[in-house]
Amino acid sequence: MTEMVRADNVHKAFGSLEVLKGIDLVVQQGEVCCVLGPSGSGKSTFLRCINHLEKINAGRILVDGDLIGYQERGGKLHELGEKDVARQRQSIGMVFQRFNLFPHMTVLQNVMEAPCRVKSENKSVVRDRAVSLLDQVGLGAKKENYPGQLSGGQQQRVAIARALAMRPKLMLFDEPTSALDPELVGEVLDTMKDLARDGMTMVVVTHEIGFAREVGDSLIFMDGGVVVEQGPPREVIANPRETRTKAFLSKVL
Amino acid sequence: MTTEQQETERARPEPIKAVPVRHPGRWVLIAVLAILAAMFIHLLVTNDRFRWSFIFLHYQDGKRGVMFTEPVLEGLRGTILLTITSMVIGIVLGVIIAIMRLSPNRILSSVAWIYTWFFRAVPRLVLAVLFGNLNILWDRIGFGLPFDHQIGKLFGINDLNAQFYSIKASDLLAGFVAGMLALGLSEGAYMAEIVRAGIQSIDPGQAEAAHALGMSRQLVLRRVVLPQAMRVIVPPTGNEVIAMVKDTSLVAFVPVTFELFFQLNQISARTFVVLPVLVAALIWYLIICSVLMVGQFFVERHFSRGYGSTGRARQRLRDIEVEQGGRITGEAS
């Protein structure tokens, strides 16, 4: 097994506000890691650090052995240029709470945009892949629609297909079901379950305890910028050791 | 399904036939407007001092009306050309300055701010006259090594000339080019503010999602942010184009003769016919602006893809279907 994500003592501050105070985490290839925690605990910020949407202040993050955002040369860290950061992001897919589909493009164009423009892949090859990805998330019939014509759950499934079109080795999910109507949550979770079953490495920030228990291989509970507790999801959820974990779980369960 | 069943179970009540609310004030206003319109048309038709035939049919001995004489058409071409070139300069500069203004680099954003400050503060008329006289500053304007004379002196060479190409300043910076630059540079400042507002109106999540897909900053701007910002940018830009058509008349002070209003003014100075010439100018400006408004309609429609009323209507229809427990349109097929 190879380590897909390795975080060593990651610190992040916005001005004087310390959001992450030393996060350590290892996610193995093919593993689904769920991140739980109250809002403001820094879990979304940590996820955004993994693909360098946020710059970390201290520590190291490695994805598939690649140091994210920096390069070590002669014992000194050099910031990576825009192109290198973009190259690192190509293999890390991300799904956002608010979907963030491109509203001026059709569903198919949304999925095809990055492979065509970033990787300059052959358009017809990308098209075939995009269509099959959309079929996979159950939206093959909607490919000529604009995002504004879809429901939240459908939009989020398109967002997943869009991220997958880049053939990432790691997928990051930032509260993917939090902006959805309760009845639409299931369809997105089902898509994510399929993805997990196919062996995708996933880091999922979520409030869906059921999903964490059923699909997660590991669970970390964050509060106040630190990892309070981690372990196999069933164990942590059934018998939390820390009082903060107990308090949180008693509120959400 | 459920609503249909309900309809069969309960008889539909008689439709409401109520007396609508009367709006007597509106009718009074309409009557006043109608009278004013009638008076205006009466004026246009009966007052022979308009000299419609002078405008449309016979100008002096010619067979054409003053609107269609060669110098006026020449002026019209000049006005259109000046509008297009100065708007192109304005839009290109505006996009560049807006991007500089939003740059995280303080120096770039300050330079952009100073540019906008200067060109918005100086009246276009003053700019036009200024650019017409700017060639006093230089003998020749050229392209080559900057500060070539000073550098030459440093190494003991007098009169080092490292210009690859140069032209007499009074040939380049006069007339049409001066007018075009004055209008274009001034327009750049206004367009910069419009483009900046457009870019800032886009949800930062859009750029974030694009970056997360591995797109470069330039690609994000070109493919994701600007196309969406166009929805906000186009309507005020339409305003700017129309304002520019009219502001081209300011370059008469550069002076530029290749311009509509200047040409018409010349005719009234020569023939002592004032009002009909002004009316002719007015009609031309109305025609140009009408054509531009048609163009704006199509450009706006193009950039509202994905937001259009058809999309919203379909979305509403779908929402209603979901509420009534129906199937989502077209899905599962």
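## A salt bridge between the chains

B:Glu208 is partly exposed, with a relative accessible area of 22%; buried means under 20% relative accessible area, exposed over 50%, and partly exposed in between (1.4 Å probe, protein chains only). The side chains of A:Arg48 and B:Glu208 form a salt bridge with an N to O distance of 2.7 Å. A salt bridge is here a side-chain nitrogen of Lys or Arg within 4 Å of a carboxyl oxygen of Asp or Glu.

This is a predicted model, in which local features need pLDDT of at least 70 and side-chain atom pairs count only at pLDDT 80 or more, while totals for chains, interfaces and linings use all residues. Residues are numbered from 1 along each chain as its sequence is written, chains are lettered from A and ligands numbered from 1 in the order in which they are written, and side-chain values use heavy atoms, with hydrogens and water left out.

## The interface of chain A and chain B

The contact takes 35 residues from chain A and 31 residues from chain B, where contact means heavy atoms within 4.5 Å. Chain A and chain B bury about 2,600 Å² between them, and 54% of this lies on carbon and sulfur atoms. Buried area is the accessible area (1.4 Å probe) that two parts lose on being put together, summed over both.

Two salt bridges are found across the interface, and six residue pairs are in polar contact, both residues being at pLDDT 80 or more. A polar contact is a pair of N or O atoms within 3.5 Å; within protein, one must be able to donate a hydrogen and the other to accept it, and residues adjacent in sequence count only if both atoms are side-chain atoms. On chain A, the side that touches chain B draws at least two residues from each of α2 (82–90), β8 (92–95), α3 (107–117) and α5 (152–164). Helices (H or I, at least four residues) and strands (E, at least two) are DSSP runs, numbered from the N terminus. By class, this side of chain A has 17 nonpolar, nine polar and nine charged residues. Ala, Val, Leu, Ile, Met, Phe, Trp, Tyr, Cys and Pro count as nonpolar, Asp, Glu, Lys and Arg as charged, and the others, Gly among them, as polar.

## Salt bridges over the structure

The structure holds 24 salt bridges over all chains. The pair of A:Arg48 and B:Glu208 runs from helix α1 (residues 43–50) of chain A to helix α10 (residues 204–212) of chain B. Another salt bridge links B:Arg223 and A:Glu113, with the closest N and O atoms 2.7 Å apart. B:Arg223 lies in helix α11 (residues 217–247) of chain B and A:Glu113 in helix α3 of chain A, so this pair joins two chains. B:Arg223 is partly exposed, at 24% relative accessible area, whereas A:Glu113 is buried, at 4%. In chain B, salt bridges that share partners join B:Arg101, B:Arg120, B:Glu193 and B:Arg196 into one network.

Within chain A, A:Glu72 and A:Arg60 form a salt bridge whose closest N and O atoms are 3.4 Å apart. A:Glu72 belongs to strand β6 (residues 70–73) and A:Arg60 to strand β4 (residues 58–63), so the pair ties together parts that are 12 residues apart in sequence. Both ends are partly exposed: A:Glu72 at 48% relative accessibility and A:Arg60 at 31%.

## Helix α3 of chain A

Nine of the 11 residues of α3(A) are buried, so this helix is largely enclosed by the rest of the structure. Among the buried residues are A:Val107, A:Leu108, A:Met112 and A:Glu113. The buried residues of α3(A) pack against α4 (123–136) and α5 of chain A together with α11 of chain B.

A:Lys12 lies in strand β1 (residues 3–14) of chain A. A:Lys12 is buried yet has no salt bridge, and the nearest side chain of opposite charge, A:Glu54, is 4.0 Å away. For charge, Lys and Arg count as positive and Asp and Glu as negative; His and the chain ends are not counted. Leaving out residues up to four places away in sequence, A:Lys12 touches residues including A:Leu20, A:Thr45, A:Glu54 and A:Ile56.

A:Val35 is in strand β3 (residues 32–36) of chain A and is buried, at 1% relative accessibility. With residues up to four places away in sequence not counted, A:Val35 touches residues including A:Lys43, A:Val204, A:Ile220 and A:Met222.
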